[in-house]
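The following paragraphs lead through a helix pair and then through the surroundings of a ligand. Please keep the sequence and the model in view while reading.

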Amino acid sequence: MASTRSFADVKDVIISAHKNVGLQDKIEFYNTWAENYEQDVAVLDYRAPLLAAECITKNFKGDKKRAIILDVACGTGLVSKQLKKNGFHHFVGVDGSAAMLNLARKTGLYQDLKQCILGRDSLLVQEELYDIVVMVGALSIGQVPVTVIRELWQATKPGGYVCMTTRGNADNREYKAELENVLRTMEEEKRWSCVAVTGVEEWERAVAEQESDYIQGAVYLYQRTK
Ligand SMILES: C[S@@+](CC[C@H](N)C(=O)[O-])C[C@H]1O[C@@H](n2cnc3c(N)ncnc32)[C@H](O)[C@@H]1O
């Protein structure tokens, strides 16, 4: 279906989201954005689900058909959709927004979907079960706190992978540094090792006036050791 949304429409939505503070406000924002989400991120040229899926697919050494994937902050299901195209089959999704989860349910991709506000509720999934835990588009300022990264690790089976993304633009720079600090600390604790870090220049179209056409982003892939 052709998009009826203009870049100006999408810009207004994203800028309004930045006014929200607090986890619950952010979830409310996603509840209202859910219906237009996929059209709008296409207008933004949002490539994070594709890039994360590529990174996982290139580095995953196990049997893709049998791998169990936990898609955290799954939204409408864009990440699992890409992974399915790449040969993966088993998905469990988690998100805080009921409206996003309803759309994810309609894709028929997920064996189970759970509602959970990350950073407030614990991630209620079985520990050490998942071959791959992926979180795309939610590790950024005002969304999911970096403390949740340890919960992603906990859900991953030893030898399994955790794939995460973040933005590199000005308002997220401090958060990105915090996130990288946690990743490094957990590597020093020998919980995991870094498999790949990919910096991406054209992550998605910028909405803030002071930024150039595209903002930067990064994909991180870690393998759990113990
Ligand atoms: C930008 S969307 C990304 C969705 C999907 N991963 C993708 O790449 O299309 C961010 C998602 O994170 C969810 N989210 C944001 N903060 C959250 C929180 N604290 N707990 C649970 N979900 C959260 C939102 O409801 C939304 O579905």
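Helix α3 (residues 48–59) and helix α4 have axes that come within 9 Å and cross at roughly 45°. This makes α3 oblique to α4, since angles under 35 degrees count as roughly parallel, over 145 as roughly antiparallel, 65 to 115 as roughly perpendicular and the rest as oblique. The crossing of the two helices, α3 and α4, is right-handed. Helices here are DSSP runs (H or I, at least four residues), numbered from the N terminus; their axes are lines fitted to C-alpha atoms over the stretch in contact, with angles from 0 to 180 degrees between N-to-C directions.

The model is predicted: local features need pLDDT of at least 70 and side-chain atom pairs pLDDT 80 or more, whereas totals for chains, interfaces and linings use all residues. Residues are numbered from 1 along each chain as its sequence is written, and side-chain values use heavy atoms, without hydrogens and water.

Around the ligand lie 23 residues, each with a heavy atom within 4 Å of it. Tyr37, Tyr46, Ala73, Asp95 and Val136 come nearest. By class, this shell has 17 nonpolar, five polar and one charged residues.

One of its oxygen atoms is 2.8 Å from an N or O atom in the side chain of Tyr37. On the backbone side, a ligand nitrogen is 2.8 Å from a polar atom of Val136, and a ligand nitrogen is 3.1 Å from a polar atom of Gly96.

Conventions. A polar contact is a pair of N or O atoms within 3.5 Å; within protein, one must be able to donate a hydrogen and the other to accept it, and residues adjacent in sequence count only if both atoms are side-chain atoms. Ala, Val, Leu, Ile, Met, Phe, Trp, Tyr, Cys and Pro count as nonpolar, Asp, Glu, Lys and Arg as charged, and the others, Gly among them, as polar. A crossing is left-handed if the near helix is turned anticlockwise from the far one by less than a right angle, and right-handed if clockwise.
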